[in-house]
Amino acid sequence: FLTAWIFGIHPRPFAVLVLAAHVGAVVLGTLALRAAGLSLLGAAAAVVLATWSLAVPSPSHLTGIPLVDAGRLARYDQPVATFGLAGLLALWPVLARRVPPSAGRAALAGLLFGLATLCHAYGAAWLLVGLALLAWPGRPGRARLTVALLAGFAAALAPWAAYAAGDWAATRGQYLVQASRMAFLDPRFYVDNLLQEWRRYVPLAAAAAGGQVGVWVWAVAALAGLWRLLVEARRSRSTAALLLLVAVAVVVGSYATLLRPPLFHYLAPLWPLLSLCVAVALLDAPKGAGGRAVRLALLAAGLAATAEGALAYGRLQDRARTSTSYTALCARLRGIVPPGTRLAALPHYWFGLRPHVADYRSLYVPLTQARPELTFVPTTFVAAMDAHPPEIVLIDPPMRELIGQARVPAHRFHRLAAEVRDYLAARGCLTATFTDASYGRFEVYDLRPARCGR
């Protein structure tokens, strides 16, 4: 909600805020570690995040390097990590007993966890982390701090709740598409989530199967770091070790039981935590002459992983140089979309085409309204389009792919795709096409009767 609201103001400020979220996640993590006296650990974790390739490349994750791939996506996952780390930073002095139990700090942490939740619902995992840390036995003022934490969290969500209550029917309709993700009263929901959770980590497993050095070093070091933290927490009751262990356990556990679908990019808040565990293992090598070989082996493994990441950086730059930019693509689209018309298209090109046309309507709306499982008042695609009739329809490569694949009767969108094809054939005529090497084929349909000879 919060990210979408910022996005709606203007694209360029949003782009700056997205960049700030990436930088902020690193800065806040470093500050938190510095406050704990672990700045070297933070530096090592930052190197892992920024240089190690941990997943097989995909259209959305071109390098497999967590920080690089997250920085390319204009998604809401990054602020979840930023606000969550900021909340832990606010709570840290209380947890470490460096300051007296402060309800103000707990409320601030709750507020930041609430902002993470407004960016995406799984940001609430940070609240669970905070509650678990405050509930730890022996924590002075537990009840007061917990109430303050929850009050701050509620304060962050209050504006959204008031907005949603203003038109509850519309809110329910908007969230109907997410209904299957929130079946919390059905025990099968949790069982199915646990059975499907492995899919979230498939890109990591595929990278390991493909022989990528970084993911193997990362996985072994993460497990070793978690074990070292567990030993440290039991032996010396280290607050820093406890914080990291609880945070990893709660985030991983809540994801496995509550968060569907099991998408890889939802791991954004987990990367900084696990990278710290990797750093613990790398920097906690045995000392003395006996540990020299171990330290050299760790150094060699780390350098190999970093070199592999450098090659991934190079491939990304090569692809960027040869790919059509969004600006160039939209300029070409403006050349085939008649100016001053009412346009219906997927929202991907809104920034580039909205000033060019009189009205820009998202095809997602009629496509959703034509699916009975996603709306309280289902209708046909034709009727939904006629509610706000466009003059031009832009069919881009993803839409063309969907329509083509759904020709198979067994496809779940077979009926809907047939409605789209019939609508375009009956109402419009194909007036322009072009194929871009980076994106694919675009088609422009003119629905104005005079232009189609009807």
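How many of the seven residues of strand 5 (residues 440-446) are buried?

Modeller: Happy to! First, a word on the ground rules: this is a predicted model, in which local features need pLDDT of at least 70, side-chain atom pairs count only at pLDDT 80 or more, and totals for chains, interfaces and linings use all residues. Residues are numbered from 1 along each chain as its sequence is written, and side-chain values use heavy atoms, with hydrogens and water left out.

Now to your strand. Six of the seven residues of strand 5 are buried, so the strand is largely enclosed by the rest of the structure. Buried here means under 20% relative accessible area, against over 50% for exposed and partly exposed in between, with a 1.4 Å probe and protein chains only. Strands (E, at least two residues) and helices (H or I, at least four) are DSSP runs, numbered from the N terminus.

With strand 4 (residues 429-436), strand 5 pairs in the antiparallel sense over seven bridges. These two strands form a hairpin with three residues between them, and in this pairing cysteine 429 stands opposite aspartate 446. Strand 3 (residues 392-395) also runs antiparallel to strand 5, joined by four bridges. There, leucine 394 stands opposite valine 444 of strand 5.

Rings of Phe, Tyr and Trp (its six-membered ring) pair if their centres lie within 6.5 Å; planes under 30 degrees apart count as stacked, over 60 as edge-to-face and the rest as tilted. Eleven such aromatic pairs turn up in a search of the whole structure. One of them is the edge-to-face pair of tyrosine 349 and phenylalanine 442, 5.8 Å centre to centre with 75 degrees between the planes. This pair links distant parts of the chain, 93 residues apart: phenylalanine 442 belongs to strand 5, while tyrosine 349 sits in the loop between strand 1 (342-345) and helix 17 (350-353). Both tyrosine 349 and phenylalanine 442 are buried.

Terms used: Two strands pair if DSSP finds at least two bridges between them.
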